[in-house]
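Keep the sequence and the 3D view open as you read.

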Amino acid sequence: MCGIAGFCDFNKKQDKKTLIKMTDILHHRGVDDSGYNFSNSHFSNIGLGHRRLSILDLSKHGHQPMTFDYFEIIYNGEIYNFKEIRAELEEVGYSFSSDSDTEVILKAYHKWGIKAVGKFNGMFAICIYDKKLEKLILIRDRAGVKPLFWYCRWRHGI
């Protein structure tokens, strides 16, 4: 069990302190590690936070948020067939520094985009931040086993 939290603040009023509070409230969902990444995009402040319970990869290499190229991920869940997907990615030249399914998800998304989700067999709640396009992608497993809640409040004029 892990926990993820984050925001995309178009008013640019939220900061890293807010992100840390949001994430740390999930301490009970992941006591082994925590990670936070706060960034300013052209349009908003982006905060991604993660509480980790180490199950698959007990090393620091499974730390989140995890980045690859211009993608960043926070993730809760388990991809049961990640080893098969990893082997497929290795065949086309991807290398891995961890034994985590998180890294496989991230690199699968890098390779196949949103079509990668069709390959995932498991239970998951995923947030991928595409820094190049300044876009957040939220993905939940088909059965909705892992919770993924979001809220949107538009500022005046948008």
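Leaving out residues up to four places away in sequence, T102 touches Q64, M66, I73 and Y75, where contact means heavy atoms within 4.5 Å. Before going further, note that this is a predicted model, in which local features need pLDDT of at least 70 and side-chain atom pairs count only at pLDDT 80 or more, while totals for chains, interfaces and linings use all residues. Residues are numbered from 1 along each chain as its sequence is written, and side-chain values use heavy atoms, with hydrogens and water left out.

T102 sits in helix α3; helices (H or I, at least four residues) and strands (E, at least two) are DSSP runs, numbered from the N terminus. T102 is buried, with a relative accessible area of 4%. Here buried means under 20% relative accessible area, exposed over 50%, and partly exposed in between (1.4 Å probe, protein chains only). From C-alpha to C-alpha, T102 lies 8.6 Å from E78, although 24 residues separate them in sequence.

Now turn to the sheet. Its four strands form an open, antiparallel arrangement in the order β4-β5-β6-β7, where two strands pair if DSSP finds at least two bridges between them. β4 (66-68) and β7 (135-140) are the edge strands, each pairing on one side only. Three bridges join β4 to β5 (residues 71-79), and M66 has I73 as its bridge partner in β5. Helix α3 (residues 101-112) packs on this sheet, touching β4, β5, β6 (122-130) and β7, and its direction makes about 125° with that of β5. Such angles run from 0 to 180 degrees between N-to-C directions, with axes fitted to C-alpha atoms, for helices over the stretch in contact.

What about the nonpolar interior? The largest nonpolar core has 23 residues, and I73 is among those with the most contacts inside it. Such a core is a set of buried Ala, Val, Leu, Ile, Met, Phe, Trp, Tyr and Cys residues joined through side-chain atoms within 4.5 Å. Helix α3 gives the largest share of this core, five residues.

Finally, look at E72, which is in strand β5. Is E72 buried or exposed? At 1% relative accessibility, E72 counts as buried. Its side chain makes polar contacts with the side chains of N37 (2.5 Å) and K131 (3.2 Å). A polar contact is a pair of N or O atoms within 3.5 Å; within protein, one must be able to donate a hydrogen and the other to accept it, and residues adjacent in sequence count only if both atoms are side-chain atoms.
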